[in-house]
Structure formats: structure tokens, C-alpha cells
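Morning, everyone. I have one structure to show you today, so let me put it on the screen.

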Amino acid sequence: DAVGGTSLVEVAADRGVALLRSNDGDQPRAVLHQRPPDTAPLLDQADRLLWLAGRRPAPEVVAAGRADEGDEAVVIRLGPHAASAEYGHPMGPEALLNSLAEALSELHEQPIEQCPFVADPASLRPVAAARIECGAVSVADDGPYIGREPSELASIFDGLIAGLPDDDAPVFVHGALAPQRIWLDPSGEVTLLGWQWSGVGDRHLDLAAGAALLSQLHG
């Protein structure tokens, strides 16, 4: 009902969460879907989207439901002609930079009082350590970290964090920016997906990820 009864096709997948869109090219809604047994990533994302309540650059949640088989689904508003930034911005790198900067500025200005979600280095570092330990982080074959072991990069990160002054006010951060999680609409609106790691943390987490993805896409 929430998507108007149209048939849906999978157009993207992100760590087990599928993005389904309608065959109807004018349908401004999409579905985030995940199959059991592990539906925690989608549930975590849904919790944060509900807290954000559609404030940009997060999509508005229209409906949510669980199938008898345990599938989880969240219906969101997404421009019918929006496309991911995996191939950059159709207007070029400067347009992508400006759009992303504006979206992050809006996000980082959101009020964080009584926000229950935390995404500071102290909470995210153990997640990174667990992923490195189980081999989920591979050695980069291109870019500035080519050939560097993930454990070595983690140690460098620890040293850098230890040397930073603790005087920057925390903000609400996305926490996991990547080209496939940035959706660009011809109207100019930017919608971010992949919110399961978001919360109150250091704005430089998003800024560093933004710089990395711009380098990845445009050199």
C-alpha cells in the first residue's frame, strides 16, 4: 500500500540491506529491505531515521513493517530520478563537492539534545577492530593507503586521535559516507542512505570520508 501497489525491483544493496524501487518512473518512494536472520543493520538504520524525522539530508520514513518470515522493510521518500554518486555528479566534481558540503552542513547543524545514538571514536573504534579481526577489511589496491595493512592504519589512527585536542563540539554525524550511500536528485536535493552507524560524534569523521570519496571518484 505504501508504494502504491507497484512492483519493486532491487537497484542496490549495502551490507545486506537492499534498496528496492518501483518500475513506475514517477514513484517518489523506495523500500529498504533486509532478510533474516540478521536484520539489525536495517533496524538500526530505521531507528535513526525515525529520530531524524526526515530532516535533511535523511529521507523521510513513510511506513515500516515485518513479514511473517521475518523480513524487515522500511518505506522512504526518494526522488524518482535520484541516482547514487558512484559515478560522480552529472555536473562534475565541483557540483558534487558543493552538494555534499551543503548536505553535511545541514546534518551537522541538527540539534543533538537527548540524542540516544553515539558515533564517537570510543564507540566506533571497537567496531573497526572487530571487522579487522575477522578479515572484513581488505588491503587497499589503490589510493593513498595502497598496500597498507588495516591493523597498521588502525594503529596510526589511534596515535593521531591521541594527539588531538578535545575542544570541538560534537554534532550528529552520518558516520559511514560512501558513494553508494549518496543519492543525487536532478532537483539538486541530496539524500543519504546507510544511517546505521550514525549518531553524536566528531564532524571530522564525515569530512574525512567526504574527502576520501571525492578522491576516489575524481582523483
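I will go through a sheet, an aromatic pair and some salt bridges.

One caution before the details: this is a predicted model.

Start with the sheet. It is open, it has 3 strands, and the order is E6-E8-E9. The pairing is antiparallel. Which strands stand at the edges? They are E6, residues 83–84, and E9, residues 190–192. Each has a single partner strand, so one side of each is left without a neighbour in the sheet. Now look at E6 against E8, which covers residues 182–184. There are 2 bridges between them. Ala 83 has Leu 184 as its bridge partner in E8.

Next, the aromatics. Two numbers matter here: a pair of aromatic rings is described by the distance of the centres and the angle of the planes. The structure holds 1 aromatic pair. The rings belong to Trp 51 and Phe 172. Their centres are 5.2 Å apart and their planes are at 20°, so the pair is stacked; the cut-off for that is under 30 degrees. Where do the two residues lie? Trp 51 is in helix H1, residues 40–52, and Phe 172 is in strand E7, residues 171–173. So the pair ties together parts that are 121 residues apart in sequence.

Are these two buried or exposed? Phe 172 is buried, with a relative accessible area of 0%. Trp 51 is partly exposed, at 22%. Trp 51 has another contact too: Arg 55 lies over its face, 5.1 Å from the ring centre.

Now to charges. Side chains of opposite charge can pair when their charged atoms come close. The structure holds 7 salt bridges. I will take you through some of them.

Arg 77 meets Glu 60, at 2.9 Å from N to O. Arg 77 sits in strand E5, residues 72–77, while Glu 60 is in the loop between H1 and strand E4. They are 17 residues apart, and the pair links distant parts of the chain. Arg 77 is partly exposed at 36% relative accessible area, and Glu 60 is partly exposed at 37%.

Asp 158 forms a salt bridge with Arg 125, with the closest N and O atoms 2.8 Å apart. This one joins helix H4, which holds Asp 158, to helix H3, which holds Arg 125. The two residues are 33 apart. Asp 158 is partly exposed, at 35%. Arg 125 is partly exposed as well, at 22%.

Last one: Arg 148 and Glu 152, at 3.1 Å from N to O. Arg 148 is partly exposed at 30%, and Glu 152 at 34%.

Definitions and conventions
Residues numbered from 1 in each chain as written. Predicted model: local features only at pLDDT ≥ 70, side-chain atom pairs only at ≥ 80, totals over all residues. Heavy atoms only, no water. Pairing = 2+ DSSP bridges. Helix = DSSP H or I, 4+ residues; strand = E, 2+ residues; numbered from the N terminus. Phe/Tyr/Trp six-rings, centres within 6.5 Å; stacked < 30°, edge-to-face > 60°. Buried < 20%, exposed > 50% of the residue type's maximum accessible area, 1.4 Å probe, protein only. Lys NZ or Arg CZ within 6 Å of the ring centre and 35° of its normal. Salt bridge = Lys/Arg side-chain N within 4 Å of Asp/Glu carboxyl O.
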